[in-house]
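Biologist: I would like to go through the labels attached to this model and hear what each one rests on. Please set the values against the cut-offs.

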Amino acid sequence: MSSTLLEVTRAAHEEVERFERLIVKDLQNEPTSNKERLNQSHRVHNMIHTITATSHRLVEIYEDKDNARKDEISALGGQTANGTNLFSAFYDRLKEIREYHRKHPGARVVDANEELEELLKEEQPIEFTGEAIQGISAEYSGVSSALGALGLKTGGTLQQRAERLFLTKNTPLEKLDKKHFAKGPRGVEQNGAVAASPQETNHSKDIALMEAKVKRLCDLLEETIERTKENVQKKQALTYEEMEEEREDEETQVQSDSDDEDQQIYNPLKLPMGWDGKPIPYWLYKLHGLGQVYSSYAYGSHCPVWIMLGIEYLYCPEFKCEICGNYSYWGRRAFERHFKEWRHQHGMRCLGIPNTKNFNEITSIEEAQELWKRIQERQGVNKWRPDLEEEYEDREGNIYNKKTYTDLQRQGLI
């Protein structure tokens, strides 16, 4: 049965779709070794090359420069020179199909998927590029040069030459079989030893010296070489995405390290470091009272547990009040409460200053006197009168001004 242009087009599209599905199926299988990964890459490359060639062929068919596709479509539609005869075209095509099967009764439909599945199990032939071929030629020439320098035969395949050269690694030249040596000016002595020229002897000494140096370096760098081999094997097992991710992580790490090194932290007050690696604000440092040193002797037998455990640095700072005679108050609550206690009131009374809310949080005598002077200047005529405005408290909690309290005390009523 003749293959029409439309049939060729259909088969080309089917081939492209088969190869696309086959590529997806092949890439879904994770290779277990570098050899399998290399074979997989070559299989995918060959299939993509086939898809590209088939697609170019389809483009040429659809361009229809010779109008062959257009004429075939017209013939299938029954269009002839005498007009349109659809039934005649149909029966002619049917007759052609029957004639084909009559001549080929044993013809069977070949499943192309089975043939393509076999491609996944075969090792793809690797074609070397020009650079690779040049490298092999260089190795071939190097082996020949080494054999010629030792007076050995330089003929045969590359494997034969390499085997001949490998014999000289553990066997001296005088103990080698005569068949390995080339015929020439190098004669054979009566005892069968090969007479070497002085130039070749010096060359052999240089090679031996170089080998000794290389072996010594390998011994010194044994640990580094092993780590390098392990790193190379690890990278060979990585996929392209994993290698890109590792490279990005290394670049990010290097950039962050360089930024940390370039940035110098300015901390003249020696403040503690916060969670972000920077000094905490000074107001926070003062608020928590950090940097203070406490002693359990100030509490005696009533020393709090947190001081005895040595964690007072974080929880309870020391506050000193100059008005109270440099007395120490431990903790923020005790410090705020002491402004209403007798010791602070007595100190303010000795300074001649009323103990009002205006003087809260003031512990310095100088600051208290300056504030009291500004208040007096602002009040003018309405000066503070201690006998009427200063308050006293008796044992029962009753509040009196100074004058009333003094009178009742003189009378013995309180």
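Modeller: What follows takes ring pairs, salt bridges, surface patches and backbone angles in turn.

Biologist: What should I know about the model before we start?

Modeller: The model is predicted, so local features need pLDDT of at least 70 and side-chain atom pairs count only at pLDDT 80 or more, while totals for chains, interfaces and linings use all residues. Residues are numbered from 1 along each chain as its sequence is written, and side-chain values use heavy atoms, with hydrogens and water left out.

Biologist: How many aromatic pairs are there by the rule?

Modeller: The count comes to 5 aromatic pairs. The rule is that rings of Phe, Tyr and Trp (its six-membered ring) pair if their centres lie within 6.5 Å; planes under 30 degrees apart count as stacked, over 60 as edge-to-face and the rest as tilted.

Biologist: What makes the pair of Phe 335 and Phe 339 edge-to-face?

Modeller: The ring centres of Phe 335 and Phe 339 are 5.2 Å apart and the planes stand at 75°, so the pair is edge-to-face. Both Phe 335 and Phe 339 are buried, where buried means under 20% relative accessible area, exposed over 50%, and partly exposed in between (1.4 Å probe, protein chains only). Ring pairs also link Phe 319, Phe 335 and Phe 339 into a cluster.

Biologist: Why is the pair of Tyr 392 and Tyr 405 called stacked?

Modeller: For Tyr 392 and Tyr 405 the centres are 5.0 Å apart and the planes are at 10°, so the pair is stacked. Tyr 392 lies in strand β5 (residues 391-393) and Tyr 405 in helix α18 (residues 402-410), so this pair ties together parts that are 13 residues apart in sequence. Helices (H or I, at least four residues) and strands (E, at least two) are DSSP runs, numbered from the N terminus. Tyr 392 and Tyr 405 are both buried.

Biologist: How many salt bridges does the structure hold, and what is a salt bridge here?

Modeller: The structure holds 11 salt bridges. A salt bridge is a side-chain nitrogen of Lys or Arg within 4 Å of a carboxyl oxygen of Asp or Glu.

Biologist: How do you know that Arg 102 forms a salt bridge with Glu 99?

Modeller: The closest N and O atoms of Arg 102 and Glu 99 are 2.3 Å apart. The two residues are 3 residues apart in helix α4 (residues 86-103), so about one helical turn separates Arg 102 and Glu 99. Arg 102 has a relative accessible area of 56% and is therefore exposed, whereas Glu 99, at 31%, counts as partly exposed.

Biologist: What about the salt bridge between Arg 10 and Glu 7?

Modeller: Here the closest N and O atoms are 2.7 Å apart. Arg 10 and Glu 7 both lie in helix α1 (residues 5-28), 3 residues apart, about one turn of the helix. Arg 10 has a relative accessible area of 42%, so Arg 10 is partly exposed. Glu 7 counts as partly exposed because its relative accessibility is 34%. A network of salt bridges links Glu 7, Arg 10, Glu 14 and Arg 18.

Biologist: What makes Glu 341 and Arg 337 a salt bridge?

Modeller: In this pair the closest N and O atoms are 3.8 Å apart, and the limit is 4 Å. Glu 341 is partly exposed at 32% relative accessibility, and Arg 337 is partly exposed at 47%.

Biologist: Which residues form the nonpolar patch on the surface?

Modeller: Leu 217, Leu 220, Leu 221 and Ile 225 form the patch, with about 360 Å² of accessible area together. Patches are made of residues with over 30% relative accessible area and no salt bridge: like charges are joined within 9 Å, nonpolar side chains (Val, Leu, Ile, Met, Phe, Trp, Tyr) within 5 Å. Ile 225, in helix α9 (residues 222-236), is at 33% relative accessibility and so counts as partly exposed.

Biologist: Where is Asn 67 found, and what is its phi?

Modeller: Asn 67 is found in the loop between α2 (34-63) and α3 (68-76). Its phi is positive, about 60°, although Asn 67 is not a glycine. Most residues other than glycine have a negative phi. Asn 67 counts as partly exposed because its relative accessibility is 40%.

Key
Accessible areas come from the Shrake-Rupley method with a 1.4 Å probe; for residues, only the protein chains shown count as cover.
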